[in-house]
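Hello,

Here is the structure we talked about. My notes follow below it.

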Amino acid sequence: MSLKTKDLLGIKGMTADEIKLILDTAATFKDVSERDIKKVPALRGKTVINLFYEASTRTRTSFELAGKRLSADMVNISTSTSSVVKGETLLDTARNIEAMKCNMIIIRHACSGAPQYLASRLKSSVINAGDGFHEHPTQALLDMFTMREKLGKLEGLTVAIVGDIAHSRVARSNLYGLTAMGANVRLCGPPTMMPSGIEDKGARIYYDMDKAVEGADVIMMLRLQLERQAAGLFPGVREYARLFGLNKARLERANKNAIVMHPGPINRGCEISSEVADDSSVILDQVTNGVAVRMAIMFLLSGGIKPEA
Amino acid sequence: MNILIKNGHIIDPANKIDEKLDLLVSSNKIEKLGKPGSLSPDKAQIIDAAGKLVVPGLIDMHVHLREPGFEYKETISTGTAAAKAGGFTSVCCMPNTNPVNDNQAVTRFILDQAREASARVFPIGAITKGSKGEELAEMAELHASGCVAISDDGRPVMNAAIMRRAMEYSKIFDLLVISHCEESKLSDKGVMNEGAVSTELGLRGIPNAAEEIMVARDIALAELTKARVHIAHVSAAGSVRLIRDAKARGVKITVETCPHYFSLTEEAVQGYNTLAKMNPPLRTAVDVAAIKQGLKDGTIDVIATDHAPHGMDEKSGEFDFALFGIVGLETALGLSLKLVEEGVLSLTELIKKLSLNPATVLNLKKGTLSPGADADITIINPAEKWVVDASRLKSKSKNTPFNGWKLKGRAVQTIVGGKI
């Protein structure tokens, strides 16, 4: 089995079967990371480039480990050490990398659409590791993997995503994926952080967090970008935490087995209390699963010939 | 040299002419019109315009010719060649060159470069020095050296007090003040219309209100100052409504829109199409309908192109970084003729918005085929079907979202001052 597309650019437009294929494949890769020898030869001889135009610890490392555990040759490029500082265009940089013969380029970029732009102009497979406010498909896939692992299914789940929806690629990708898988999505945040027209995309909108988490199976908290205070999106951390922060009391309104997620990095005491983050969340499971999901994606995009385990 | 244009369908809104007539040009002026076959000058070059429309030379009151400073995008020579190819005999060039056209040296340079150009060039001077929105440019000098209007196009005059003073001061010269209406704090770093598509693409949006607020401000300032104010490139339904109300109250204000605002919606941006990135941005179907209604009921006086040439390198790449604007001179007529086909405008009304009205707004003695007028004439074949081929545009830049579009009707001959 393999994905029919050359690239993974977004969740929008993916079918439930395609998502299920990735999640099922990830399940078979998960135990590779638990072994003594954390390596399979699936991508031996393949060259994969991590091209990161935005700071990232989790995602970049996760992709790097995923590639290495599949035996790919991984190269990391970050903007501060590349020709980008000399004014080279994105396409020129990517073409030069491709001229050295690579198979896959993983790109993170602050501009929405940058991965699409490259994908339509390169032969290599392109994986979107997050572009602007557009999509972060591997994050949504690892989130769905984690939900399915913890709760046994995706269909019928009620998922509340809380925070700055307008500026969140994680929220968009999860909304598309969860909707495709038959889950009910609630989006919650102040109106200043709700993007225009989002109400027509299949989610219910809440400004009252107590109501948004009522009976939810999953509460997904988003990181608050503190610099958005200056743009007038919220008055201050104190009020934000009171209205849209997840604490123990609020968590009790959710279903008994509800799980708490966060794509990280977290602002302790702001969108999530330390107590909830440390005692009641699956944040670190998400990170663990991220490696397996990214292994599955790289494997499926490269043709999907099953490794001998 | 005499030119006799025979058998054409003459449309001259200024004289309410809409019939088959012959037209004689001599000494670079319109000599006279007469029944087909009635004019028989000696030694005239004859143009058979059977089946064609013969109309006053089209006037585009909003173009960017990029010279001086950005000659790699366009020059006065290539820009006017594009104008001529598109049927425009006159263009007004915006002052956002480098240096900005905020003094007579730049105005004179432009007019000097335009002497051999394919179309007439009427410069528009800056409202403020360097178009920085801080101090008024020397308007007397700009006016005396040949500027026909003032505008800080592309850089909205955010300070209402400065805009007020500019309008007041412009009355000394009866100079038109053209406003690029954009509340820049509200548009902020926006790159497309704010709405469902921007949300889906994860691009920063520009709400209609960013335009409407400034349209409302400038209507109020026009009322306060009684100056002649013209609103550039209107894109939003609310702007049309505000202007309609203002005109009904008798406010002296005129307005233009561009072919892209009645031909495309924000959907054109899908796939991060940088060729659909312009400012103001492409809006929704509701806005397109309102623009058409505004054209139909006379709220919108003028169709202009906002011809904005850019090199392909700066018009491609990441959507956020691509520059705003498209070329328009060579597609405007074909796109506008669709309005006639759709029943939005009669042919006469359309020609009016492309010639007589901009001439009137600008106080130019143009836009008519009256005897004695300059022989600026556009001959249009309304039946010619053609496909837009960006690579064959006369403009130095090829940034058009209309590449591959099938259009009907184009200028087949553009006569500027009696020159074919």
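In chain A, A:I49 has A:I105 of β3(A) as its bridge partner. The strands behind this are β1 (residues 47-52) and β3 (residues 104-109) of chain A, which pair in the parallel sense over 5 bridges. (Pairing needs at least two DSSP bridges between two strands; strands are DSSP runs of E, at least two residues, and helices runs of H or I, at least four, numbered from the N terminus.)

This is a predicted model: local features need pLDDT of at least 70, side-chain atom pairs count only at pLDDT 80 or more, and totals for chains, interfaces and linings use all residues. Residues are numbered from 1 along each chain as its sequence is written, and chains are lettered from A and ligands numbered from 1 in the order in which they are written.

Both strands sit in an open sheet of 4 strands, in the order β2-β1-β3-β4 (chain A), with parallel pairing. At the edges stand β2 (73-78) and β4 (125-131) of chain A; each has a single partner strand, so one side of each lacks a neighbour in the sheet.

Now the contact between the chains. Chain B gives 15 residues and chain A gives 19 (contact means C-beta atoms, placed from the backbone, within 7 Å). On the side of chain B, helix α6 (residues 196-201) contributes the most, with 4 residues.

Within chain B, helices α4 (residues 160-170) and α7 (residues 208-225) also pack together, with axes 10 Å apart. Among the residues that meet are B:M163 and B:M167 in α4(B), and B:L221 and B:L224 in α7(B).

Best wishes

Definitions and conventions. Axes are lines fitted to C-alpha atoms, for helices over the stretch in contact, and angles run from 0 to 180 degrees between N-to-C directions. Two residues are in contact if their C-beta atoms, placed from the backbone, lie within 7 Å.
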